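Hi everyone, thanks for coming. Today I'd like to talk about charged side chains and who pairs with whom. Let me put the structure up.

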Amino acid sequence: KELETLLDNTKLEEADAKALHEAISKERHGRLSDLERTVQETKDSIASLKKEEDELKEKIVNDGNVRQSELNALEKRIKEEESVIADLESEIAALNNSIAHLNDQISDLQRAIEDIRDKSKRESSGINAEYGGVR
């Protein structure tokens with residue numbers, strides 16, 4: 001009876017571990033997707049700013065009207081956006097490391113559960129043999 005209870009508890013722990021893994025994975029994937037979307041939006045913004053910068057450079061050459069302050073502001077904004085991308089990519093890397101760590105912990109839990117099952121089977125076999133059951 002104790003072994004059945006232990007086995008039932010082990011099954012519940014495994015189900016809990018799987019549910020926890022799925023919940024964490026969904027949350028991390030959602031956060032990762034949001035960050036990747038933000039990175040893409042920022043890259044698109046940079047591309048747009050660079051196009052705008054190129055258009056301004058052409059206008060400066062064609063008109064002979066130097067708008068250095070506008071150009072400087074655009075270059076500064078591009079650098080700020082690139083800094084945002086670097087920060088986001090760093091955060092994505094940290095999330096990936098966190099996911100890998102969680103996956104390692106889940107693997108450890110699964111191994112522990114399997115060890116408990118193996119021990120339970122061995123003990124069950126010993127009890128069966130002791131009482132004239134399977135030998």
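Let's begin with a question: is Glu82 buried, partly exposed or exposed? Glu82 has a relative accessibility of 37%, so it counts as partly exposed. Please keep in mind that this is a predicted model.

Now, who does Glu82 pair with? Its side chain meets that of Lys50 in a salt bridge, at 3.9 Å from N to O. This pair links distant parts of the chain: Glu82 sits in helix H2, residues 68-130, while Lys50 sits in helix H1, residues 2-63, and 32 residues separate the two. Lys50 is partly exposed, with a relative accessible area of 37%.

Searching the whole structure turns up eight salt bridges, so let me show you two others along with a network.

In helix H1, Lys57 and Glu53 are four residues apart, which means about one helical turn lies between them. They form a salt bridge, and their closest N and O atoms are 3.8 Å apart. Lys57 is partly exposed at 37% relative accessibility, whereas Glu53 is buried, with a relative accessible area of 9%.

Over in helix H2, Glu114 and Arg117 lie three residues apart, about one turn of the helix. Their side chains meet in a salt bridge at 3.7 Å, N to O. Glu114 counts as partly exposed at 35% relative accessibility. Arg117 comes in at 19%, and the cut-off for buried is under 20%, so Arg117 counts as buried.

And here is the network: salt bridges link Glu14, Lys18, Glu114 and Arg117. Thanks, and I'm happy to take questions!

Note on methods. Residues numbered from 1 in each chain as written. Predicted model: local features only at pLDDT ≥ 70, side-chain atom pairs only at ≥ 80, totals over all residues. Heavy atoms only, no water. Salt bridge = Lys/Arg side-chain N within 4 Å of Asp/Glu carboxyl O. Buried < 20%, exposed > 50% of the residue type's maximum accessible area, 1.4 Å probe, protein only.
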